[in-house]
Amino acid sequence: MTTLPPKMFAVIQTHDGYTGSPSGPFIEDAADWLAEAEIDVPEPGPGQVLIKLRTASVNPSDIHFIKGEYGQPRVKGMPAGFEGCGDVVATGKGAEALQGQRVAFVAAGSGAWAEYVVTQALMCIPLRPDISDEDGSAQIVNPMTAMAMVDIARSAGEAFVVSAATSQLGKLMCALGRDLGLKPIALVRRAEAVESMKAHGAHEVLVTTDPGVVQKFSELSHELKPRVFLDAVADQLSEQIFCAMPNGARWVVYGKLSPELPKLTQTGQLIFMNKRIEGFWLTQWMTSTPPADQMRVVAEVQARFADGRWKTDVSERLKLRDVVGNLADALKKSDGKVLITP
Ligand SMILES: NC(=O)c1ccc[n+]([C@@H]2O[C@H](COP(=O)([O-])OP(=O)(O)OC[C@H]3O[C@@H](n4cnc5c(N)ncnc54)[C@H](OP(=O)(O)O)[C@@H]3O)[C@@H](O)[C@H]2O)c1
């Protein structure tokens, strides 16, 4: 049995609740939202586990959350961070089976940016030994979302559209789409990303800063008939892309990388062309998908990381004690995740 220290280092939130004015997953200075603290090591309650952190990954949802613009309220003094991997070092009643296991987890008790994390056993996935800690730290939020959303796309035809395609999730979806024989149409904002996105599985790549992008998309849309738009940007260009899609198209908004609020310009399309605007949230998917189906998805996710069909691109590695000082700068780098280790 591991002897646990009474105190731990953590990066804690300095605000409560929500903000009324969302401005997107960007920060100028993490100290506006976070602070360093020595706090008590949390204790797992019934159905919970205590995890000694190996690696945490930083997702846009973490930044929305610390700024008070995510789907759940902040708790001042609680560690930040949703996702990571580590070793289960203590368990509450009913969670004993996980004792000693290396798991990927989503934090649902205390945050991941701390030396120790409490979460529900149900939010942990034991990791295969051939998955690295870095891949293990980003094994749930994006990979499960990629599997669920490409499934939506697959049900509606061959071609589908992915915005912010250079994001980790965009790359996972393009690769998965290609492997399933689908035709992902990738939207990127940096022209230099075109070739790498093709290598990542995109069938076509359009650059959103190109003044002719809507015209080029319209031509592609006529040819390939994409009926699902998986969109993490949700700005006015997204609306124009949706308007250029064929009958029956679905605009599935799953992120808000742009603070711009789009206006609907062709509401008749919703009436006469059977088009739909909807959202996707993994949390909802997890509560509505039968456990057996989720286990199949988990096994496929781990198989894809283990054999290299998927990998986690890393842009920066930070120590927990450097998060408050350096996170804002680390997040400015493109093309990869910021990872945090104790
Ligand atoms: N709804 C859900 O259940 C769910 C689950 C997982 C993720 N998500 C969402 O999925 C999105 C991607 O997550 P991720 O972890 O893959 O992100 P990520 O790897 O951190 O990448 C984000 C990338 O998006 C691009 N980007 C940022 N702002 C943009 C803008 N205004 N327009 C176009 N592109 C922009 C940037 O790439 P470049 O610098 O290369 O342009 C940036 O590196 C986020 O919005 C996240 O919240 C939602």
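Reply: What follows describes the surroundings of the ligand and then the protein as a whole. The model is predicted. A shell of 25 residues surrounds the ligand, and the closest of them are Thr166, Arg189, Leu282, Ser334 and Lys337. By residue class, this shell divides into 12 nonpolar, nine polar and four charged residues.

The backbone contributes through Leu169, where a polar atom is 2.7 Å from an oxygen atom of the ligand. In the side chain of Arg190, an N or O atom is 2.8 Å from a ligand oxygen. On its own the ligand has 940 Å² of accessible area, and the protein covers 87% of this.

As for secondary structure, helix 3 (141-154) and helix 4 (168-179) each supply at least two residues of the shell. Helix 3 gives the most, with three residues. Domain 1 (7-139 + 302-341) and domain 2 (150-283) each provide at least three residues of the shell around the ligand.

The protein that holds this site has 11 helices and 15 strands. Its radius of gyration is 20 Å, close to the 20 Å given by the globule rule for 342 residues, so the protein is as compact as a globular protein of that length. The C-alpha trace spans about 65 × 40 × 35 Å along its principal axes. Of the 342 residues, 53% count as buried.

Conventions:
Residues numbered from 1 in each chain as written. Predicted model: local features only at pLDDT ≥ 70, side-chain atom pairs only at ≥ 80, totals over all residues. Heavy atoms only, no water. Near = heavy atom within 4 Å. Polar contact = N/O pair within 3.5 Å; in protein donor to acceptor, adjacent residues only side chain to side chain. Areas by Shrake-Rupley, 256 points an atom, 1.4 Å probe, with all protein chains shown as cover. Helix = DSSP H or I, 4+ residues; strand = E, 2+ residues; numbered from the N terminus. Nonpolar A, V, L, I, M, F, W, Y, C, P; charged D, E, K, R; others polar. Domains from an automatic or database assignment. Rg over C-alpha atoms; globule rule 2.2 N^0.38 Å. Buried < 20%, exposed > 50% of the residue type's maximum accessible area, 1.4 Å probe, protein only.
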